[in-house]
Amino acid sequence: MTADSPPIGRAAVAPATSATRSSPLGRLVRRRELLLVVLTLVVFVVTDAVNSGFGQGGYISFMLADAMPLAILAVGQTIVCLVRGIDLSVATVLGVAAVATGFLAQDYGSSVWLMLPLALALGIGLGLINGLFVVFARIPPIIVTLGTLIVYLGIQQLICNTRTVVTVPTSYATFGNGNLVGDIPYMLVPGVVVTVIVAFALWRTTWGRALYAVGANAEAAFRAGIRVNWVLISAYTVCGMLAGLGGLAWLVHYDSADYTTGFATNINLYSIAAVLIGGTTLTGGKGGVVGSFIAALFLEVTIQAVVLLGIPEAWESAAVGILLLAAILVNRYQASGHSLFQALAGHLRGRPQLEHGSGPAQ
Amino acid sequence: MSVPAETQTSPHEVRRLDTDKRWVLSLVAILVAELLFFNFGVSTFWGGGWGSSVSMLGDSETFLFTSVIALGVMFVIFAGDIDLSVGAMSGFAGVMMAEFHIGGMNIWVAVVISLLIAALIGLIQGLIITYFKLESLLVTLAGWFILQSAAVAWEGPAPPYNLPKHFESLLGTGTIGGTVPNQLVIFAILALLAMLIVHRTRFGRRLVLVGYNRDAAGYAGVRVSVTRIRAFMLSATFAAFAGLCIAATYGTARDDLGPTLLLPAITAVVLGGVDIFGGAGLVAGVVVASFILGWLTPGLLQDGVGDTVTNMSIGVLLLVSLTVKGITDRRQGGSFRERLRGRFDTAAPTAPPTAPDTP
């Protein structure tokens, strides 16, 4: 596991093993974060050449702010995917946090800083429920979070009770759509801070390394003295917490929330797509949050480009689907140890180079 | 030779069958309790009694297409995969059929062609999954996105409507003798078909074996990829058929029902006792579970319970029933009390919970 997953934050230092025998293009594909940055820039430049409005300051700032709820969710989703889990309920955790904080803001004009701990606490509570079910009821995570997705949607609707959040204090709008300096929106701050903190935690703390260990081989991790149950519960709890933060980010960015916020936009599925595009796999123990964060930005730029290039808006989710397919193909062959091009060439000659059910040796 | 072979079924296998059957029996008990509860508690639930179109039989029109989707996904889940694209597939098929019809095609030809194209899409997804050895969860998630886009783009600003009356009647709102909805009969036929396929054909046994242990199935000479691809084709076809029923019921193609169809369908399959990792379960359980879930919504609504609590109850039912099922599952060995204690025993190594279809 350690060989091809120096997990995060090392984009500048390519691992020596892959550098020895790959072409420059192959190395680029291996460094997922770098590849995504390049792809994002390519999409951006091409679209800007066609539609000059794309590259102007207001639009860049808007896109950065617009991608943040998804980016924060994707960071949380990554943590769960690292331990072989999946969290479908992030959409409604986001929704619950958005409407709960939204009504307080609308009715009492509470400040964003008061709402922050509330959103985090809500997320922690809901995420903890997910984790407890996964660990103690031993139900597969996809089923647990499918159930809680529905239950939390009910909580969101109970909070709303035919009302919607339509007016929030102007300080919220300033924070959600204003610029800190130049084209850098305020919204980028929580996104980057969260990503950096989680990246550091995954890379440098015992908890982070335990996540990778449990994801790669839970049995071995248990034998090595890691409290597997506690690590699993903490992963779902942190994911929930970040989804709660994502809800607050959603609220300040859109200045509105109702009973379908989150659920209606399939943001949970987009967050899973961002995680996979960012290079983390569902089989656990591989990947990192920096890739997921950049992938969320990449998805945002792509979606906006689809709109600006005059392609009907309906094809926006198809773009995400195609990117997801491409990403899992690349992930698959990186895991196999072959370069993507070797593997594809093998396929085209009718000789798949992978044995049945083979994964990375663990 | 053959006689001892039959009697030599291992005790493990006998218990497995018992567990599945016990689960179906509990589901039947839950269904009966639910119907009795609504019968005594909700005066309007039966409407004008058995003969009326507003009775619980009439209510079944609101959920039977979800049950059809559940039957389709069930094949895929039996094989240890999952298909998230079914909701979008049903929407896409409805739009496809309606657009073909508007383009001048006979409605029944359009139906057949739509089902064939759906099977083809299932084939493509299955080929991608098996040939490149990708996770079905992700490939079908991508399929969902793409089909959803295709449906919305194809239908344009206005959803197609004005379908022939005989089509809407046969697949949608029609009844037999004013009592039994056509959809119920169609669902009964499909459910019987699914039971025969899974439990009585060679393909069905291979399907379950592939889900139970993919490697063992491969060594036993089962063509694992072919079996899985067929499951995806069945799933896509069932979902497409459900989409046609939706178009017939609402009189227009609906592309907006994707997640609202998918989640209850998977809930029904899992609640019905089919192992989410494949290889265990009974079709009868899925059928009963889909009725439990289906009647829960109109029943609670007519009972005066709010929309919100009604929806939540489905999620709660899923989580609670699976927790109970896990604790009472005798396959894990030990007494009930030992199993319960094992849940909270930190000394026991935890089996890694995995997403479906991880190798």
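In α3(A), the face turned away from the buried side carries the exposed residues Val38(A), Leu41(A), Val42(A), Val45(A) and Ala49(A).

Arg32(A), Glu33(A), Leu35(A), Leu36(A) and Thr47(A) are the buried residues of α3(A). Seen down the helix axis, they fall within an arc of 160 degrees, so they line one face of α3(A). The arc is taken from the directions from the helix axis to the C-beta atoms. An α-helix has 3.6 residues a turn, so residues three or four places apart point the same way.

Helix α3 of chain A runs over residues 32–50 and has 19 residues. From first C-alpha to last it reaches 27 Å, close to the 27 Å expected at 1.5 Å a residue. The expected span is 1.5 Å times one less than the number of residues.

## The model and its confidence

This is a predicted model, in which local features need pLDDT of at least 70, side-chain atom pairs count only at pLDDT 80 or more, and totals for chains, interfaces and linings use all residues. Residues are numbered from 1 along each chain as its sequence is written, while chains are lettered from A and ligands numbered from 1 in the order in which they are written.

pLDDT is the predictor's confidence in each residue, from 0 to 100. Chain A has a mean of 84, and 85% of its residues reach 70 or more. Confidence in chain A is highest in α12(A), at 95, and lowest in helix α1 (residues 16–19), at a mean of 42. Over residues 1–20 of chain A, pLDDT stays under 50.

## Chain A as a whole

Chain A has 16 helices and two strands. These are DSSP runs, numbered from the N terminus: helices are H or I with at least four residues, strands E with at least two. Of its 362 residues, 55% count as buried.

Which residue of chain A has a positive phi although it is not a glycine? Asn266(A) does, at about 55 degrees. Asn266(A) sits in the loop between α12 (228–254) and α13 (267–277). It is buried, with 20 other C-beta atoms within 10 Å.

In chain B, Lys133(B) has a positive phi of about 55 degrees and is not a glycine. Its loop lies between α6 (107–131) and α7 (136–155) of chain B. Lys133(B) counts as buried, with 20 C-beta neighbours inside 10 Å.

Technical notes
Buried ≥ 20, exposed ≤ 12 C-beta atoms within 10 Å, placed from the backbone. Contact = placed C-beta atoms within 7 Å.
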